[in-house]
Amino acid sequence: MTTPDITLCMIIKNEANHLEKCLSSVQGIVSEIIIVDTGSEDNSIDIATKFGAKIIDMTWENDFSKARNLSLKHATSSWILVLDADEAVDHWRREQLQHLLDAAHIHGYWLPIIHYIGDAPEADFVTDHVCRLFRNDKRIIFRGIIHEETASSIWELPAGEIAYAELRIYHYGYLEDELQHKNKYQRNLALINSGLQLQPNHLILRYALGVEHYQQEQYHAAADVLLPLLADVPTQSGYASDIYLKTAYALQRCNRQQESKEVFHAGSLLFPDFTDLLEGYAALLLEQGQLRQARHFLQQALKSGDTAHPHPSSSGSGTYRTELLAGRVCEKLFLYPNAREHYEDAIQFKPDYTDAWKQLVPLSLLSGERLSMIALTRCHIHALSPITLGYLVPAALNARDFEWLVTLSFASQLPLAVQTIVQAFLDCTQQQEGEHTLAPLEQLLHNPSILSERSSILGYLWALSCRAGDTESAMKWLISISPYRPGMLTIHHILTGRSDIKPALPDLSYAMQLLLQVGAWDSVLSLYRQSEGSLFQWCKLPQPLYYGLLEAPIPVKKQWCSIYLSQTPHYNASTDCAEWLLYVAIACSCGETPKIAQSDEMALRRIGGTTAAVGLSYYKLILAAKAYPHGISSVQIPWGLLVRSASQT
C-alpha cells in the first residue's frame, strides 16, 4: 500500500532525547517531514536528517504559531500532521488513516492525546483532543503565541468541519523529569503574561494562565483566574468542561467548599457525561457526608464510562478509579455487597490496581466471600506486579489463608526470595501433628540469594519455636533477630513471665502478627494478657488479621474474650469502638454472649458514630434472640465488617 499523502510538520530545539522515537513512530504513514529548528545545539539535526527531514532554520521569537505556520508553508502534501518531538503516534494503520483522508467533506480531525504525568512513564495520564491532522490549505493556520490551535481557522471556512478520529498520540513531556529539565512552567508563564499584556481579556490566554497555576498546585491563584472565566466561556467550546472541573477542584483545595459545590453542580448540569467532573463532585459530597448524593453521581459517571472524547479526562475516570470511589461510598452506606462488586469491577478494568485489592481483600474475607476473592486472584495472577503482590502475600499470611497463599506463590512476578520463603513457611506450618521441624526455614539462612530477607526468616523461626513451646530455641532465634529488631527481646521476657516490662507498640504488633500467622495460640494469648496498659489494640493491625483471629480454634477465641473482658475498658476514641466490635465478632463466632456495661454503652454511642449505633443495635438483637430464639432473626451485617468500618472512621 502506498504511503498516505501527509506531511509531518514539527518545530524543535535540542530534542535529541526524543526525536528518534517520534520520527520512528510515523515511518510508513507520512510521505514528507518538515522540521523548523529554532536553534538546536545537540545532534537533533543529524537525527532528523537520518529520517529524510527537510530542515528550516528560524530564530525563536516567543511565538509558537509563527514557528508552526512557517512549517506549514513548506508542506507539499494534501494533508498535514503536527507533532512535538516528545510525542509518538500509537501504531496507526495506513488503511485506517487513508480512509479518513478520503472523506471529502472533512477539513480536519480531533486526535486524542494521552499526556503521561507523574514520575513513571505510561502509568497515570490525562487526555484531551486537539486538531493535529488537517488539510493543507493556506487558510488553515495556527493562532495563539502559546497553546496554539488551528480549529478556529477551520471553522471559519465555508462548511468547515472537524471530525473525531481514534488515532492516539502519546505525549511524554509532562513527566516530572521533563518538566524539570525544560523548565516549561516558567517558559509558559512568561509567554502567557506577555500575551496578556497585549490582550488582557483574551479568553484562551486567561484559561492557559489558570491551567499553569493549577498544574503547579497554586490553587488560590488558579481559582482567582478560572472562576471569572465561567461567565465568559462558550459552553460548546472544547475546553469549557475543563474550566468547570479545574475551577471546582481549585476552590475545593482552597477550602471554598460552597463555591466549589456550586461550580460542580452547574458543571454536572451542563456536562452530565463528564466523568471526571462527576467523580470530583461525588468526592466533595462524600467529604461533606452526603453519601447518597455522592453515590448518585458516581453511578452516573460509571454509566457514562470512559469519556475521553468529547471531554478532557484522566486515567481511570469512569472506569477503575470511579469504581473504587463508588465502593468506598457504598461501604459507608453499609452496602457491603455493592461495595465488593465495585472493587471487583475496578480490578476487572485494571487487574494490577493495588488500591482496589487493598479494599477488596479485607471486605471479602470478613464478609465470607474469600472463595470469590481467590478465584479473582487466580484469574489475574499473571497481571499482578511485585508491588501488588507485596500487599497480597502478607495479607494471606495474616489471614492464615493457606489456600490463597499457595495461589499467590505461583505468581512468576513474585521475587524468588519471597517465593522461597513462602514455600518454606508452608512446609513448616502445615506439618502433621507432632512434627515440629524448622529445617525448611533454617536452611534458608545459608542461602546467600535471600540474605535481604534474613530478619523475616528469623522472625518465623522464633514464632514457630514459640508454637512448639521450645523456650530455649525461641531465645536463640531472638538473639539472632536482635540486630534487626532489638525490642523483640522485651517480648521474650514478657512471654517468660516478666510482667513488669512494657514492650514498644511496634514490637508488640510485629510479634502478634508473627505468632498469629504460624498459629502459636498460647503465645498470642499470653502476650495479649500482658499487653494491658501498653495501648495495644487489635483493630490497629492489618485488617486481614481480623479474619485470621476469627478463624482461630474456638477455645482460643473464648480465652481471648475472657482476656478482653478482664481488662479495664476505655471508650474514648473510634478505635475503642472498633475494638469492642471485634470482641463482639469473636464472641459470636465461638458461641459466647457478648457483654457491655450500660455506662460503657453510652460512651460508645458518643464516640462511635453511625457504626457504633448499628453495632449496638445488633447487640440488642443478640440479647433479644437469646431470650426468645424462635421469634427474632439474628441474621445481620457480619460483625467483622462493622469492625472494618469502625477502624476506618
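Which are the buried residues of helix α9, residues 219–226? I will come to that after a word on the model, which is predicted, so that local features need pLDDT of at least 70, side-chain atom pairs count only at pLDDT 80 or more, and totals for chains, interfaces and linings use all residues. Residues are numbered from 1 along each chain as its sequence is written, and side-chain values use heavy atoms, with hydrogens and water left out.

First, the chain as a whole. The protein chain holds 31 helices and ten strands, where helices (H or I, at least four residues) and strands (E, at least two) are DSSP runs numbered from the N terminus. Its C-alpha atoms fill a box of roughly 90 × 60 × 45 Å along the principal axes. Of its 649 residues, 54% count as buried, buried meaning under 20% relative accessible area, exposed over 50%, and partly exposed in between, with a 1.4 Å probe and protein chains only. Taking contacts between residues at least 6 apart in sequence, 65% join residues at least 24 apart, a contact being heavy atoms within 4.5 Å.

Now back to the helix. The buried residues of α9 are Tyr219, Ala222, Ala223, Val225 and Leu226. They cover an arc of only 165° around the axis, which puts them on the same side of α9; the arc is that of the directions from the helix axis to the C-beta atoms. As background, an α-helix has 3.6 residues a turn, so residues three or four places apart point the same way. The face of α9 turned away from that buried side carries the exposed residues His220 and Asp224, while the cover over the buried residues includes α8 (203–215) and α10 (240–253).

From α8, I would pick out His213, which has its place in that helix. His213 counts as buried because its relative accessibility is 14%. Leaving aside residues up to four places away in sequence, His213 touches Leu189, Gln218, Ala221, Ala222 and Val225.

What lies on each face of β4? Trp79 and Leu81 are on one side and Ile80 and Val82 on the other, and all of them are buried, so that both faces are covered.

Strand β4 pairs with β1 (residues 6–12) in the parallel sense over four bridges, given that two strands pair if DSSP finds at least two bridges between them. Within that pairing, Leu81 in β4 is the bridge partner of Leu8. Strand β4 is also joined to β7 (residues 125–135), by three bridges and in the antiparallel sense; here Leu81 stands opposite Leu133, and Ile80 stands opposite Phe134.

With β6 (residues 108–116), β7 pairs in the antiparallel sense over nine bridges, and His115 stands opposite Val126 in β7. With β10 (residues 313–314), β7 runs antiparallel and is joined by two bridges, with Thr127 opposite Ser313 in β10.
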